[in-house]
Structure formats: structure tokens, C-alpha cells
Amino acid sequence: MIAIIDYGMGNLRSVQKCLEKNGFRTAIVSSPDGLAGAGGIILPGVGAFEDAVVNLRSRGLHRAIREAADKGQPVLGICLGMQLFFEVSEEGGSCEGLGIFSGRVRRFAGDLKVPHMGWNRVELRGANPLFEGIPDGSYFYFVHSYYVEPAAEEYIAGETEYGGRFVSAVADRNVFGVQFHPEKSSDLGERLLYNFGKLVESC
């Protein structure tokens, strides 16, 4: 079973429908108890970083997500969900995240139109099971004002151009994150979620 975490800030149903269309069993959960028996976890997210952290902590989910990642369960963060995996965000001044990845979340600077919204290419860095069958340079759908800045190059799985290059996908063993919305990215987004489902089944 793939647990999709509901902390009041995610695009849950679209992610769930995409997975179930491809035969994966899912459950929308809002407490650590709901993660019992889950083979993998998806943390979607839309909204403000600080509000998301408060919601996760109030439900005891921040610790449960970290424990699952430490145990080797496949975990996927989408958009804000990926940003929450990092140590700290500039949003709202400075707010502490889950710390699964070392690094920061920064706001787009300069004269760029914010939020960055629409279809854009993801240039892949090396082989990654999450992107199996997805051509390098494929287009995905983005809506975001902040981006991640990993402390280690080895975390970077994909990059995108928007007034300069920013990191649009990360990976470290069993933990993955994408800045774009696969559930809004047509066939290739569906393929990415399928790939995650197959990773869960293989564990």
C-alpha cells in the first residue's frame, strides 16, 4: 500500500487517482497510525512551508516520515513536499524542515516572474529509477516560488532552467523529491508515479 499523506496542504486526489489507475493500492492518511503497513509514502504539498511544518508536527507526522525514510521505505515528496525534506527554508524568514536532505529552500530572486508556472524541461543527472523510461529533457508542469539548494551535488537528480539553473529533482537511496507536479504532467508524470509504485512493490 502507498500512503498519501494528508496534512491539509496537498493535491491528494489527483495523485491517488493516477496511482490507482495503474493498479496500485493507496490510502490517504493523516496520522502516524495510518502509515502502519504502508510500503511507501508520498508527501504532496501546495502552500506555505511554515504552515506545512506546523501541520505535520501537530499530527506527529514529521517524526513518522523521518523514521520511514531511515528504515529504507520509498518516500516521494512533490513540490512543497520535496522542499519540506530539507533542513531550512527562507520562506517566512527562516523555518526548520524535516532535515532528511541537507540544504536550504530559497526564493527566486531578481526580475523573474513568480511563481514559476507552466511547462518546463527537466534535465536529468545520471540514471534514476524514478525517471525510468522518461527521456532526458522531458517537460513537466511547475507551480512554485521557491526552489531547493542541496548541500551536496550527489543529491541532484534533475535540473531546470528558469533565470538560471535550479534543482528540480533530488534523490538519495530510497528518498526522492520533485519540484514539479507529476499528477498534472500528463503521460510522463503518470509514468513517474508508476515508477515510484514499482519501487514500492520491489521493496
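## Strand β4 and its neighbours

Strands β3 (residues 40-43) and β4 run parallel and are joined by three bridges. The model is predicted. Within this pairing, L43 has G77 in β4 as its bridge partner. Strand β4 is also joined to β13 (residues 175-178), by four bridges and again in parallel. Here V75 stands opposite V175 of β13.

In a regular strand, side chains alternate between the two faces of the sheet. Strand β4 covers residues 75-78, with V75 and G77 pointing one way and L76 and I78 the other way. These four residues are all buried.

## Aromatic pairs

A pair of aromatic rings is described by the distance of the centres and the angle of the planes. The structure holds 14 aromatic pairs. One of them is F108 with Y162: the ring centres are 5.4 Å apart and the planes stand at 75 degrees, so the pair is edge-to-face, the cut-off being over 60. This pair links distant parts of the chain, 54 residues apart. F108 lies in the loop between β7 (101-107) and β8 (116-124), and Y162 in the loop between β11 (156-161) and β12 (165-172).

F108 has 8% relative accessibility and counts as buried. Y162 is buried as well, at a relative accessible area of 18%.

The rings of F131 and F140 have centres 6.4 Å apart and planes at 85 degrees, so this pair is edge-to-face too. Both residues, F131 and F140, are buried.

## Aromatic cluster

F108, F131, F140 and Y162 belong to one aromatic cluster, which also includes F142, Y147, F166 and F180.

Note on methods: Residues are numbered from 1 along each chain as its sequence is written. This is a predicted model: local features need pLDDT of at least 70, side-chain atom pairs count only at pLDDT 80 or more; totals for chains, interfaces and linings use all residues. Side-chain values use heavy atoms; hydrogens and water are left out. Buried means under 20% relative accessible area, exposed over 50%, partly exposed in between (1.4 Å probe, protein chains only). Helices (H or I, at least four residues) and strands (E, at least two) are DSSP runs, numbered from the N terminus. Two strands pair if DSSP finds at least two bridges between them. Rings of Phe, Tyr and Trp (its six-membered ring) pair if their centres lie within 6.5 Å; planes under 30 degrees apart count as stacked, over 60 as edge-to-face and the rest as tilted.
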